[in-house]
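Here is a briefing on a predicted model. Read it with the structure open, one topic at a time.

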Amino acid sequence: MANLKEIRGRITSISSTMQITRAMKMVSAAKLKKAQDAIVMLRPYSEKLQEIIQNVNSSSDPDQVSIYAQKKEVKKVLFIAVTSNRGLAGAFNSNIVKELNIQFQNNSQYEIEVLTIGKKAYDAVRRSRKVYSNDSAIFENLNFDSVANVTEGVMKSFREGAFDEVYVIYNKFVNAATQEVTTEQLLPISMPENQEAPVETDYIFEPNRAEILDNLIPKSIKTQLFKAVLDSVASEHGARMTAMHKATDNAQELKNDLVIFYNKARQAAITNEILEIVSGAEALKNS
């Protein structure tokens, strides 16, 4: 049985851990609001941009397909895995790694490379897979330009034929307690076929339609990846806040059990001392 000093040490250690987990929960809760506002504001813009591209493309010449929409024979595939640079966020990072492994199995017939955004993804794949690039540093100064630079490199590789398909795997933010692992095709962009009864829209193009698509499609691809990164950031703070809340509750429960055990052990020690004193007194009386 552990002595009282050891139990006191464990109680003190758990109390210190609770202070850390509680502080991390508060920090993530404060950052979550800003991250949530950012992704909520970006989503309508991204969706509207996709809608405009689809409408403009539906009335364009089928022979004039953007290079980013051209489907090729698939031989090489690039997966962009978005995780975090830090842990202590529950299953946030492990879910991405798990989905990435599933994609490896489903696409084992192709040559696969991985672009990692987040140290956790890089650490998980660097020994077993060919890493195209590790761009975990973008979290140090996260903005559209930094993500656009990464996307520009991927688009250049796609144009040059280094990859035939590009997918992004990330945690989609639903709410603070829920994140959905999502796999989206980044390249080539998917242009849905015309509906059975398409809405006729009369556009006045300035400059011409082809030039507009050449400008909108790259911007849409960059926005799509930026949205995935922002989704991941918001999901990370939500997952860490939830994980630290549970860790604090578990630590409090463990501390309460230890305090009860400590009080019982202390009471038993006091009782034994009293019994020893009484027994000594009785022995002296009878001598």
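The buried residues of H4 are Ser146, Val147, Ala148, Val150, Thr151, Val154, Met155, Ser157 and Phe158. They pack against strands S1 (76-82), S2 (111-117), S3 (130-134), S4 (165-175) and S5 (178-187), and against H5. The model is predicted, so side-chain atom pairs count only at pLDDT 80 or more.

**Helix H4, end to end**
- H4 covers residues 144-159, 16 residues in total.
- At 1.5 Å a residue it should span 22 Å, and its end C-alpha atoms are 22 Å apart, so the two values agree.
- At the start of H4, Asn143 places a side-chain oxygen within 3.2 Å of the backbone nitrogen of Asp145.
- After H4 comes Gly161, with a positive phi near 85°.

**Salt bridges**
- Side chains of opposite charge can pair when their charged atoms come close.
- The whole structure holds nine salt bridges.
- Arg159 and Glu152 form one of them, at 4.0 Å from N to O.
- Arg159 is partly exposed, because its relative accessible area is 34%, between the 20% and 50% cut-offs.
- Glu152 is also partly exposed, at 32%.
- Glu152, Arg159 and Lys222 are linked in a network of salt bridges.
- Glu184 pairs with Lys227, and their closest N and O atoms are 4.0 Å apart.
- That pair links distant parts of the chain: Glu184 is in strand S5 and Lys227 is in helix H5, 43 residues apart.
- Lys227 is buried, with a relative accessible area of 12%.
- Asp37 and Lys33 also meet in a salt bridge, at 3.3 Å from N to O.
- Asp37 and Lys33 are four residues apart in helix H1, so about one helical turn separates them.
- An α-helix has 3.6 residues a turn, so residues three or four places apart point the same way.
- Asp37 is partly exposed at 31% relative accessible area, whereas Lys33 counts as exposed at 51%.

**Val56 in helix H1**
- Val56 lies in helix H1 (residues 4-58).
- Is Val56 buried or exposed? Val56 counts as buried, because its relative accessibility is 4%, under the 20% cut-off.
- Leaving aside neighbours within four places in sequence, Val56 is in contact with Phe205, Arg209 and Leu213.
- Val56 and Tyr132 are 76 residues apart in sequence, and their C-alpha atoms are 33 Å apart in space.

**Backbone points to check**
- Most residues other than glycine have a negative phi, and most peptide bonds are trans.
- Leu88 is not a glycine, yet its phi is positive, near 55°.
- Leu88 sits in the loop between S1 and helix H2 (92-106).
- Leu88 counts as exposed, because its relative accessibility is 56%, over the 50% cut-off.
- Leu187 and Pro188 are joined by a cis peptide bond, with omega about -10°.
- Pro188 is placed in the loop between S5 and H5.

**Nonpolar surface patch**
- Which residues form a nonpolar patch on the surface? They are Ile270, Ile274 and Val278, with about 230 Å² of accessible area together.
- Ile274 belongs to helix H5 (residues 209-286).
- Ile274 is partly exposed, with a relative accessible area of 47%.

Note on methods
Residues numbered from 1 in each chain as written. Predicted model: local features only at pLDDT ≥ 70, side-chain atom pairs only at ≥ 80, totals over all residues. Heavy atoms only, no water. Patch = residues over 30% accessible without salt bridge, like charges linked within 9 Å, V, L, I, M, F, W, Y side chains within 5 Å. Areas by Shrake-Rupley, 256 points an atom, 1.4 Å probe, with all protein chains shown as cover. Salt bridge = Lys/Arg side-chain N within 4 Å of Asp/Glu carboxyl O. Helix = DSSP H or I, 4+ residues; strand = E, 2+ residues; numbered from the N terminus. Buried < 20%, exposed > 50% of the residue type's maximum accessible area, 1.4 Å probe, protein only. Expected span 1.5 Å × (residues − 1). Contact = heavy atoms within 4.5 Å. Polar contact = N/O pair within 3.5 Å; in protein donor to acceptor, adjacent residues only side chain to side chain.
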